[in-house]
Amino acid sequence: MDEVPEDWDRALAVVAHPDDLEYGGSTAVAKWTAQGKTVTQVLATRGEAGIDSMDPDEVRRVRTEEQVEAARRVGVETVEFLDFADGVLEYGLPLRKAIAAAIRRHRPEVVLSVSHRERFPGGGFNMADHRALGLAAVDAIRDAANRWVFRDLGLEAWQGVRFALLGGSPEAAHYVDVTGHLQAGIDSLLAHRVYFSNLGADFDAAGFLTGIAEEGGRAAGVEHAMTFEMIA
């Protein structure tokens, strides 16, 4: 495991749904914002298809509010939603263009996203929205850097992204030492109160994130770590 460089100032987190970041990525975000870095969140959907027992319009409102609160708990002030439909994200030019526009607007040095790999580290199958979003985010970095691509956006090309970090990847070979920041990550995950209460089973947020952080820490040789696949 190699440590993720932290000699940068601005990151953009791009994920598919409310709560995607909170399963580990937000713990790293908590460390970065504590260092004075600026992290902005962009979500492709509002997670409206995520609660079977509730009407999607109500879920959209609730999960939007929960994500804004989750972000606040790890020091993120700006949360944007691209308003693609939840559950049916498709890899393609519309998604790439929307993410490229966000990159050009916010001009990050680092992009944090979800894995586009078919499997999670434990072997579980990664869902379609994640796979589409992760791949589109990586490709949008190149799109945003090319001034001849998506010229109709009216935004200046941005070539300043140094690397992308993908959470939940079986190809993870880099880590962020989050020792001392785990509680902030747990608090961020707990902000998704209504979502978890409708899953039909108890969810131990503290135990879940602690287990991930301890496993990552063992691999990295520190107390607590979050691991990522880095694409430079």
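## A first look at the sheet

How many bridges join strand 6 to strand 8, and do these strands run parallel or antiparallel? Four bridges join them, and the two strands run antiparallel. Before we go on, please keep in mind that this is a predicted model, in which local features need pLDDT of at least 70 and side-chain atom pairs count only at pLDDT 80 or more, while totals for chains, interfaces and linings use all residues. Residues are numbered from 1 along each chain as its sequence is written, and side-chain values use heavy atoms, with hydrogens and water left out.

Helices (H or I, at least four residues) and strands (E, at least two) are DSSP runs, numbered from the N terminus. Two strands pair if DSSP finds at least two bridges between them.

## Partners across the strands

Let's follow some of the pairings. Strand 5 (residues 110–114) and strand 6 (residues 163–167) pair in the parallel sense over five bridges. Here valine 110 has phenylalanine 163 in strand 6 as its bridge partner.

Glycine 167 stands opposite phenylalanine 228 in strand 8. Strand 8 also pairs with strand 7 (residues 174–177), in the antiparallel sense and over four bridges. In strand 8, threonine 227 is the residue opposite tyrosine 175.

## Helices on the sheet

## The nonpolar core

Which residues touch the most other members of the largest nonpolar core? Of its 61 residues, they are Trp32, Ile99, Ile103, Leu112, Leu133 and Leu165. Helix 4 gives the most to this core, with seven residues. A nonpolar core is a set of buried Ala, Val, Leu, Ile, Met, Phe, Trp, Tyr and Cys residues joined through side-chain atoms within 4.5 Å. Buried means under 20% relative accessible area, exposed means over 50%, and partly exposed lies in between (1.4 Å probe, protein chains only).

Take a closer look at tryptophan 32. Leaving aside its neighbours within four places in sequence, tryptophan 32 is in contact with Glu6, Trp8, Lys37, Val39, Leu112, Leu165 and Val176.

## Salt bridges

The structure holds 15 salt bridges, each a side-chain nitrogen of Lys or Arg within 4 Å of a carboxyl oxygen of Asp or Glu. One of them joins lysine 31 to glutamate 6, with the closest N and O atoms 3.2 Å apart. This pair links distant parts of the chain, 25 residues apart: lysine 31 is in helix 1 (residues 25–34), and glutamate 6 is in the loop between strand 1 and strand 2. Lysine 31 is buried, at 11% relative accessible area, whereas glutamate 6 is partly exposed, at 21%.

Another salt bridge brings together the side chains of arginine 117 and glutamate 229 (2.5 Å, N to O). Arginine 117 sits in the loop between strand 5 and helix 4, and glutamate 229 in strand 8, 112 residues apart. Arginine 117 is partly exposed, with a relative accessible area of 29%, while glutamate 229 is buried, at 6%. Elsewhere, salt bridges that share partners join Glu48, Asp57 and Arg60 into one network.

## Aromatic pairs

There are three aromatic pairs in the structure. Rings of Phe, Tyr and Trp (its six-membered ring) pair if their centres lie within 6.5 Å; planes under 30 degrees apart count as stacked, over 60 as edge-to-face and the rest as tilted. Tryptophan 8 and tryptophan 32 form an edge-to-face pair, 5.0 Å centre to centre and with 75° between the planes. Tryptophan 8 lies in the loop between strand 1 and strand 2 and tryptophan 32 in helix 1, so this pair ties together parts that are 24 residues apart in sequence. Both tryptophan 8 and tryptophan 32 are buried.

Terms used:
Contact means heavy atoms within 4.5 Å.
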